Amino acid sequence: MLARYFLRGSGPLQMIYLQINPTVMPLKPITANTRGEKKIYLLKPRGFCAGVVRAIDVVKIALNLYGPPVYVRKEIVHNKHVVDELRGLGAIFVEELEEVPSGARAIFSAHGVSPEVRRQGKERNLAVIDATCPLVTKVHLEAVKFAREGYTIVLIGHKNHDEVIGTLGEAPAKMILVESVADVDALTLDDPSRVAYLTQTTLSLDETKDIVARLEERFPMIRGPKSQDICYATENRQMAVKGVSEFCELILVVGSANSSNSKRLVEVGQNYGVRAYLVNDWSDVHPEWLEGIKSVGVTAGASAPEHLVEQIVAALNEKGFGDLEEVEMVEEDVRFSLPPELAGASSQLYGISAPSR
Ligand code: SF4
């Protein structure tokens, strides 16, 4: 089922579609590995989400339209392979805008930025293209709204993550970050009757549920977002891991160490009793992990390219994992329009990134 939402950002109205997942049942029953052959369960949805596809397209289109160099503030998405590929095409990645020459073209990453960074962009007279994922923008808008209404906002998220830094920047004097139930227990608020909470988009659903429950216990009048902030891609990939966990002895999650949603997939697998590891690519897979193993689940975080998954499946195949079953938990068909700065360039959409060579 799809729900349609409209977002108003700095540019024209953006239409986005969010998937509503009414069930955690796989679309087709999962077959237990009773034959004892070595089997791969390939999870779906996996890999690139709509926000990541859009952000990569933004960089490629900007390079194509304007030519290099195009500066990108922070990793456009948290994946080394993606960043290396774009660097090879002429993108220059910087940590802060002060590294960008005045008047140059700069792209903001999918994780979003604070108003202060936008101000710096204007001050340096940069031609900014904003690749912030619309679902991150949704959280920013909620923060602004609650702050205007006089709420103290408790943001559930991970300290120092780019997305969290950007969201906190919307109302720094009114927002408090919590990472755990213990952090909620330690909260002291001036007006406990006027509190709201928001979350990072890429958290563990289970862990966040516990933190929200504790917030509601401590602050019965607390308000939350109209629809959950954890995004459809995070939710769907976690559901797929849960769904397959009883069938797998091992789960390999393709993703980078700084990718929040990828790390959450590993934790979900482990919480459901499966050995699970985060790997950049096949070279990270330790041979001993596969010793005595008959069933391996393979998935990828929202910023990990599909060719790395294919590489792992092929390598497992060579190791005798000859049986492959794709487990589809939910149909995912979400797309975001390009940012207003690139309106009119949609004929140049690249879609999924090509393999790095
Ligand atoms: Fe957007 Fe979710 Fe993808 Fe992050 S993981 S870029 S919030 S769709």
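Which residue in β13 is the bridge partner of L42? Select L42 and V298: V298 is that partner. Residue numbers start at 1 in each chain and follow its sequence as written. The model is predicted: local features need pLDDT of at least 70, side-chain atom pairs count only at pLDDT 80 or more, and totals for chains, interfaces and linings use all residues.

Colour residues 39-44, which are β3, and residues 295-300, which are β13; the two pair in the parallel sense over 4 bridges. Strands pair here if DSSP finds at least two bridges between them. Helices (H or I, at least four residues) and strands (E, at least two) are DSSP runs, numbered from the N terminus.

Now show the whole sheet, an open one of 5 strands in the order β12-β11-β13-β3-β14, with parallel pairing. At its edges are β12 (275-279) and β14 (323-328), each pairing on one side only. From one strand to the next the twist averages 20°. Axes are lines fitted to C-alpha atoms, for helices over the stretch in contact, and angles run from 0 to 180 degrees between N-to-C directions.

Residues are in contact if their C-beta atoms, placed from the backbone, lie within 7 Å.

**Helices α8 and α9**

Select α9, which lies across β11 (250-254), β12 and β13 and runs at about 165° to β12. Then bring in α8: α8 and α9 (residues 260-271) pack at an angle of about 25°, with their axes 9 Å apart. That makes α8 roughly parallel to α9, because angles under 35 degrees count as roughly parallel, over 145 as roughly antiparallel, 65 to 115 as roughly perpendicular and the rest as oblique.

For the side facing α9, pick T234, R237, Q238, V241, K242 and S245 in α8; they meet N261, R264, L265, V268 and G269 of α9. The residues of this contact divide into 3 nonpolar, 5 polar and 3 charged. Ala, Val, Leu, Ile, Met, Phe, Trp, Tyr, Cys and Pro count as nonpolar, Asp, Glu, Lys and Arg as charged, and the others, Gly among them, as polar.

**The ligand**

Centre on the ligand, which 15 residues surround; the closest are C49, G51, C133, T201 and C231. A residue is counted if its C-beta atom, placed from the backbone, lies within 6 Å. The elements that give two or more residues to this shell are α1 (50-66), α4 and α8 (232-245). The most come from α1, with 3 residues. By class, the shell holds 10 nonpolar residues, 5 polar and no charged.

Select residues 152-156 for β8, which pairs with β9 in the parallel sense over 4 bridges.

**Backbone stops**

Go to K44 and P45, joined by a cis peptide bond with omega about 0°. P45 is in the loop between β3 and α1. Another cis peptide bond runs from P68 to P69, with omega near 0°; P69 sits in the loop between α1 and β4 (70-73). End at N125, in the loop between α3 (115-123) and β7 (127-130). N125 is not a glycine, yet has a positive phi of about 60°.

Definitions and conventions: Contact = placed C-beta atoms within 7 Å.
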